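Biologist: I have the sequence and the structure open beside me. Could you take me through the fold, beginning with the terms you rely on?

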Amino acid sequence: MSADAPLSPEEAKALQFLDRQPGEWYCTHCWARAVGVDVRFIHRFSTILPTLTALAAGYEAMADGPCKVCDARRPGGTVLKSARSVRSRGTPVGA
Ligand SMILES: [Zn+2]
């Protein structure tokens, strides 16, 4: 297995979305909705993301993490959000 295996179009699209919001956490539910792909695909991708050496340096995934979308909409404490969150580490551009 090569560490720099090409990403599928869905994976590339999902990561590009995170790159546009560097440092912002998204749960897999909101991430999938924002990107327009199946949430099960995104959830699975979030579980393998930390194991992909080519990507692990630029992205972070965690269980029960925050979510920019869900947390902002929280009406009274109850949040429907998935069990994993991801974000781009936001590597500085032009540093
Ligand atoms: Zn969310």
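Modeller: Two strands are said to pair if DSSP finds at least two bridges between them. Please note also that this is a predicted model. In it, β2 and β3 pair in the antiparallel sense over five bridges.

Biologist: Which residue stands opposite Arg87 in β3?

Modeller: That residue is Glu60.

Biologist: In what order do the strands of the sheet run?

Modeller: The order is β1-β3-β2, in an open sheet of three strands with antiparallel pairing. β1 and β2 (59-63) stand at the edges with a single partner strand each, so one side of each has no neighbour in the sheet.

Biologist: Which helix lies across β2 and β3?

Modeller: Helix α1 does, and it runs at about 70 degrees to β3.

Biologist: Stepping back, how many helices and strands are there in the protein?

Modeller: There are five helices and three strands. Read from the N terminus, the elements follow the order α-β-α-α-α-β-α-β.

Biologist: And what share of the residues is buried?

Modeller: Buried residues make up 25% of the 95 residues in the protein. As for contacts with a separation of 6 or more, 65% of them are between residues 24 or more positions apart.

Biologist: Let us turn to α2. Is it mostly covered or mostly uncovered?

Modeller: Helix α2, residues 28-35, is mostly covered, with six of its eight residues buried. The buried residues are Thr28, His29, Cys30, Trp31, Ala32 and Val35.

Biologist: What covers them?

Modeller: The covering elements include the helices α1 (9-20), α3 (39-48) and α5 (68-73), together with the strands β1 (26-27) and β3 (84-88).

Biologist: At what angle do α2 and α3 pack?

Modeller: The angle is about 125 degrees, and the axes of α2 and α3 are 9 Å apart. The two helices are therefore oblique to each other. Their crossing is right-handed.

Biologist: Which residues meet there?

Modeller: From α2, Thr28, His29, Trp31 and Ala32 meet Val39, Ile42, His43 and Ser46 of α3. The residues of this contact comprise four nonpolar, four polar and no charged.

Biologist: Why do residues three or four places apart in an α-helix point the same way?

Modeller: An α-helix has 3.6 residues a turn, so residues at that spacing point the same way.

Biologist: One last point: which residue just after α2 takes a positive phi?

Modeller: That is Gly36, with a phi of about 90 degrees.

Conventions. Residues numbered from 1 in each chain as written. Predicted model: local features only at pLDDT ≥ 70, side-chain atom pairs only at ≥ 80, totals over all residues. Buried ≥ 20, exposed ≤ 12 C-beta atoms within 10 Å, placed from the backbone. Helix = DSSP H or I, 4+ residues; strand = E, 2+ residues; numbered from the N terminus. Contact = placed C-beta atoms within 7 Å. Axes fitted to C-alpha atoms, helices over the stretch in contact; angles between N-to-C directions. Parallel < 35°, antiparallel > 145°, perpendicular 65-115°, else oblique. Left-handed = near helix turned anticlockwise from the far one by under 90°. Nonpolar A, V, L, I, M, F, W, Y, C, P; charged D, E, K, R; others polar.
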